[in-house]
Amino acid sequence: MAAELQSSNFDQEVIKSSTPVVVDFSAVWCGPCKMLAPTIDKLAQAYEGKAKVFKMDVDNSRDIATKFGIRGVPTVIFFKGGAEKDRVVGLVPYEMLDSKLNGLL
């Protein structure tokens, strides 16, 4: 299951990570976010030990959402070496996320 990420540990968990990181920017009121949640959890399970997968509530972490220009949720951002490498917006299939993350390993 994907762990919850907060503004307070974002730099430690994402920017300073030695492995690729996926962050699902979402909100509790967002229907497509709720539909994407099982897909994100499946990704976290599939890549356990190889990559980190997090969920981040944009309402609780507005500073980070603003920093990365999140205009719609869900937005999934792929990081490697502390930098954004790719992003997808909206409800997407597991295979797309899997392919993008696999490409960063």
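## Largest pocket

A pocket is an open set of grid points where a 1.4 Å probe fits, with protein on both sides within 12 Å along at least five of seven lines. In this predicted model, the largest pocket holds about 180 Å³ of space. Its lining consists of Glu 4, Asp 24, Ser 26, Ala 27, Val 28, Cys 33, Lys 34, Ala 37, Lys 55, Met 56 and Asp 57. Three elements, β2 (21-26), α2 (31-46) and β3 (52-57), each give two or more residues to that lining.

By residue class, the lining of the largest pocket comprises five nonpolar residues, five charged residues and one polar residue.

## Overall fold

The protein chain contains four helices and five strands. Read from the N terminus, its elements follow the order β-α-β-α-β-α-β-β-α. The radius of gyration is 12 Å, close to the 13 Å that the globule rule gives for 105 residues, and the chain is therefore as compact as a globular protein of that length.

Along the principal axes, the C-alpha atoms fill a box of roughly 30 × 25 × 20 Å. Of the 105 residues in the chain, 46% are buried. Among contacts with a separation of 6 or more, 67% are between residues 24 or more positions apart.

In soluble globular proteins, nonpolar side chains tend to be buried together. Here the largest nonpolar core has 18 residues, of which Phe 10, Val 23, Phe 25 and Phe 79 touch the most other members. The elements contributing two or more residues to this core are α1 (10-15), β2, β3, α3 (62-67) and β4 (75-80). Strand β2 supplies the largest share, three residues. Another core lies apart from this one; it has 17 residues, including Ala 44, Ala 51, Leu 97 and Leu 101.

With neighbours within four places in sequence left aside, Phe 25 is in contact with Phe 10, Met 56, Val 58, Ile 64, Ala 65, Ile 70, Val 73, Pro 74, Thr 75 and Ile 77. Within this set, Met 56 is also a lining residue of the largest pocket.

## The cis peptide bond

Most peptide bonds are trans. The bond joining Val 73 and Pro 74, however, is cis, with omega at about 0°. Pro 74 is placed in the loop between α3 and β4. Both Val 73 and Pro 74 are among the contacts of Phe 25, and Phe 25 is one of the residues that touch the most other members of the largest nonpolar core.

Key: Residues numbered from 1 in each chain as written. Predicted model: local features only at pLDDT ≥ 70, side-chain atom pairs only at ≥ 80, totals over all residues. Heavy atoms only, no water. 1 Å grid on protein atoms, 1.4 Å probe; cavity = no way out; pocket = protein on both sides within 12 Å on 5 of 7 lines; lining within 4 Å. Points joined across faces, edges and corners; volume = space filled by probe spheres on them. Nonpolar A, V, L, I, M, F, W, Y, C, P; charged D, E, K, R; others polar. Core = buried A, V, L, I, M, F, W, Y, C linked by side-chain atoms within 4.5 Å. Buried < 20%, exposed > 50% of the residue type's maximum accessible area, 1.4 Å probe, protein only. Contact = heavy atoms within 4.5 Å. Rg over C-alpha atoms; globule rule 2.2 N^0.38 Å.
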